[in-house]
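Trainee: I would like to learn how to read the features of a model like this one. Can we go through them in turn?

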Amino acid sequence: MTISHRRSLANQSNALQSTGPRSLAGKRASSQNSRKHGLNSAPDFESSSEYRALVDLIAEEGFSAFACADIASSLLNYRRVMDAYYDTYTSPEPVDEFLRDMNVKASNPIFSELLSPSGSEPQDVREMAAFFATMQRQERRKGGPVSRRSADTHKLIRYQRNAIARLSRAVRHG
Amino acid sequence: MSLEDKSKSLLPFLSSPKLLPDESEAEFQSSLQSLLSELDNPSALAVALVSQLNECLWWIRRHTVDKELLLHEAMARLLTKAGSNWMGSGNSELSVALEHYLNGSAQKDQAALIEEALIDANLTLSDLRAKAFKDAARHIKLVDDLIHRQHQTTRHLQRSIDSIDYKSRLIKRMDLELAALESKQSAKGVLSLDDKPS
């Protein structure tokens, strides 16, 4: 199906109206749209009370001021990663049990009934069944809740690796 | 400051232990205390690192349980696929029944459901387990990676704790040597004063 030139122009002019959020609050909200764990954002530990208290505690052990700051921020960064690790582990993508367990072949009469008001053709029913079969395959490939949480947590491995290497370096060279 | 006070004073920075609903906090704390008891008068930083080490060991336990759960999930999936009761009992119902069956805590109807499903699939329990292992290999590999990562993290933490321990021992030794030198020096001073003819 091709759209007319007029329609295409109308679409383009409408798209120009959509320029994203304008207010500060809107921009702030939309900046979090694709945020998953927040580990890619730069943390600001220095202004937190935890950081200052931790620096004071470490300073009592004879580390230099620079080493204290490095160790405190590395430790807080490691905690941030492990908190995200826990959150990811405990809230995996939910399993769509209906889609996973449905019998697509046996559902053909239901599909034709659903499509009947529009005067369904056998081809439409087949297409709908194929669509559900594809969705079901994708759902099953993701596995159950344990597979999902393992896969989600696995994505955080590199953050943990970097955080612990930084902490270990800070402590040993401090 | 006692060991317990030190670990308590650090809690706000380390976040209180985040446990799953079926885990015991008492068990978590007792494993932390047993790790801390292996250190000789640990500093606050050492306590902080040992807390992280304890959490790592906890994660290894969780992921090891997950490996078994993944196998159970795959076993239930295979049984559902092979069974005639596709729509009647979904994967999750079968999963729960299988879990109880393998733990030996299945009710009569759950045991019957699993045995029927095994007959339908024409499999024994060990065959099913072997097939499930093959089926879930991709996911099991992910969990193995997670466990390996925790082991690596544990090693890093262990090295850091050792370096703090070594540093504190070194400082203590230097203090002792300094005190010994000072006392020697003062003894010499007294002797030389004594030697001087009055």
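Predicted model: local features only at pLDDT ≥ 70, side-chain atom pairs only at ≥ 80, totals over all residues.

Trainee: Is Asn122(B) buried or exposed?

Mentor: Asn122(B) has a relative accessible area of 69% and is exposed. Its place is in the loop between helix H5 (108–121) and helix H6 (125–135) of chain B. The backbone deserves a look too: Asn122(B) is not a glycine, yet it has a positive phi of about 55°.

Trainee: Where does Glu61(A) lie?

Mentor: Glu61(A) is in the loop between helix H3 (49–59) and helix H4 (65–90) of chain A. With a relative accessible area of 18%, Glu61(A) is buried, because the cut-off for buried is under 20%. The side chain of Glu61(A) is joined to that of Ser43(B) by a polar contact of 3.0 Å.

Trainee: Which side chain makes a polar contact with the side chain of Asp66(B)?

Mentor: That of Tyr89(A), at 2.7 Å. Asp66(B) lies in helix H3 of chain B and counts as buried, at 1% relative accessibility.

Trainee: How do I read aromatic pairs, and how many are there over all chains?

Mentor: A pair of aromatic rings is described by the distance of the centres and the angle of the planes. Here the count comes to four aromatic pairs over all chains. In one of them, the ring centres of Phe131(A) and Phe132(A) are 5.7 Å apart and the planes are at 80°, so the pair is edge-to-face. Phe131(A) is partly exposed, at 48% relative accessibility. Another pair is Phe28(B) with Trp58(B): the centres are 5.1 Å apart and the planes at 80°, so this pair is edge-to-face. Phe28(B) lies in helix H2 (residues 25–36) of chain B and Trp58(B) in helix H3 (residues 44–82) of chain B, so the pair ties together parts that are 30 residues apart in sequence. Both Phe28(B) and Trp58(B) are buried.

Trainee: Which residues form one aromatic cluster?

Mentor: Tyr85(A), Tyr89(A) and Trp59(B) do. Charges also sit over rings. Arg62(B) lies over the face of Trp59(B), 4.4 Å from the ring centre. The charged end of Arg61(B) is over the ring of Trp58(B), at 4.2 Å from its centre.

Trainee: How should I read a helix, and which residues of H2(B) are buried?

Mentor: An α-helix has 3.6 residues a turn, so residues three or four places apart point the same way. In H2(B), the buried residues are Phe28(B), Leu32(B), Leu35(B) and Leu36(B). Viewed down the axis of H2(B), the buried residues fall within an arc of 100°, so they line one face of the helix. For length, the 12 residues of H2(B) should span 16 Å at 1.5 Å a residue, and the end C-alpha atoms are 16 Å apart, which agrees. At the start of H2(B), a side-chain oxygen of Ser24(B) comes to within 3.4 Å of the backbone nitrogen of Ala26(B).

Trainee: How many disulfides are there over all chains?

Mentor: A disulfide is a covalent bond between the sulfur atoms of two cysteines. The count over all chains comes to zero disulfides. As for individual cysteines, Cys68(A) is buried, with a relative accessible area of 1%. Cys56(B) counts as buried, at 1% relative accessibility.

Note on methods: Residues numbered from 1 in each chain as written. Chains lettered and ligands numbered in written order. Heavy atoms only, no water. Phe/Tyr/Trp six-rings, centres within 6.5 Å; stacked < 30°, edge-to-face > 60°. Buried < 20%, exposed > 50% of the residue type's maximum accessible area, 1.4 Å probe, protein only. Helix = DSSP H or I, 4+ residues; strand = E, 2+ residues; numbered from the N terminus. Lys NZ or Arg CZ within 6 Å of the ring centre and 35° of its normal. Expected span 1.5 Å × (residues − 1). Arc of directions from axis to C-beta. Polar contact = N/O pair within 3.5 Å; in protein donor to acceptor, adjacent residues only side chain to side chain. Disulfide = S-S within 2.5 Å.
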